Amino acid sequence: MDYQDIRYEIDAAILTITLHRPEKLNAFTPRMMHELIDAFDRADADDAVRVIIVTGAGRAFCAGADLSGGAATFDTRHAPEPQTREEQRDGGGRVTLRIFESKKPVIAAINGAAVGVGITMTLPMDVRIAASTARMGFVFVKRGLVPEACSSWFLPRLVGISRAAEWVYTGRLFAADEAAVAGLVSRVVAPEALLETARSLAREMATDTSAMSIALSRQLLWRMLGADHPMAAHQVDSKCIAWMGQRADAHEGVASFLQKRPPQFTLRPSTDMPAFYPWWPPRPFKP
């Protein structure tokens, strides 16, 4: 795909996806949606990519949906191809579901305003780091809308129902420090240190670790958020431990530890996932 609304750059096993409409504060468009989905498909198929960083160009991370279409921006009756009731899926949700499926860890480097879909798209990312100047907001009730991009599932799990309700029902903007106190972001750094902080963490994830172990661990952590009993985790943990224990990466991990040398892991998430993956029920939709 010819990317126009994003940039896709790989350096030393780290993929940086940059939302790139700086003149529009990186406002979200249907094209950006398709490009992001394609970028995550591409990254999952590329074993040279170990970690993904998502950030924004210019002053903003993403100022929300592009509203240049006017009052009918969200009226699906005016879409180029009208959808049936069964097909009505918001674009932000398609992106977050694709990120949720990722086999690679995803770090959000929130460099500026992250509003509406600009913040909800970060919720399925594994770590959010914010510049001290960043401002965020779940502004949907101020636009006559409701939370989208699966945020009614993600947000309460990340920050708890009370804080999620406060932010959603008021629609107010809040600072990076408030986001950190609530656990929405893991740390707040000076703007000039943001990308290097994200890259440093990405390098730590990519160094001396098994790509397969990370791919399986990422899905274990996210999927078990919806489990109703720890037995569900025990059953899948046991499958994964048994499968990995018979594979080269576990043998190499132990041998390299005993021999006091860096490990050389060889399993590839693009082609070597276990036969029981995915272990959850089929989805009703594909992202």
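Buried means under 20% relative accessible area, exposed means over 50%, and partly exposed is anything in between, using a 1.4 Å probe and protein chains only. This is a predicted model, where local features need pLDDT of at least 70, side-chain atom pairs count only at pLDDT 80 or more, and totals for chains, interfaces and linings use all residues. Residues are numbered from 1 along each chain as its sequence is written, and side-chain values use heavy atoms, with hydrogens and water left out.

View 1. Helix 1 covers residues 30–45; helices (H or I, at least four residues) and strands (E, at least two) are DSSP runs, numbered from the N terminus. Its 16 residues should span 22 Å at 1.5 Å a residue, and the end C-alpha atoms are 23 Å apart, which agrees. That expected span is 1.5 Å times one less than the number of residues. Buried residues of helix 1 include Met32, Leu36, Phe40 and Asp44. So what do the buried residues of helix 1 pack against? They pack against strand 1 (6–11), strand 2 (14–19), strand 3 (51–56), helix 2 (91–100) and strand 5 (106–110), where contact means heavy atoms within 4.5 Å.

**View 2. Asp44 meets Arg98.** Side chains of opposite charge can pair when their charged atoms come close. Here Asp44 and Arg98 form a salt bridge at 2.8 Å, N to O; the term means a side-chain nitrogen of Lys or Arg within 4 Å of a carboxyl oxygen of Asp or Glu. This pair links distant parts of the chain, with Asp44 in helix 1 and Arg98 in helix 2, 54 residues apart. Asp44 has 9% relative accessibility, so it counts as buried. Arg98 counts as buried too, because its value is 8%.

**View 3. Arg268 reaches Asp47.** The closest N and O atoms of this salt bridge are 3.5 Å apart. Arg268 sits in the segment after helix 10 and Asp47 in the loop between helix 1 and strand 3, so the pair ties together parts 221 residues apart in sequence. Is Arg268 buried or partly exposed? With 46% relative accessibility, Arg268 counts as partly exposed.

**View 4. Glu101 and Arg223.** The side chains of Glu101 and Arg223 make a salt bridge of 3.4 Å, N to O. Glu101 lies in the loop between helix 2 and strand 5, while Arg223 belongs to helix 8 (residues 211–223), 122 residues away. Both Glu101 and Arg223 are buried. Zooming out, the structure holds 10 salt bridges.
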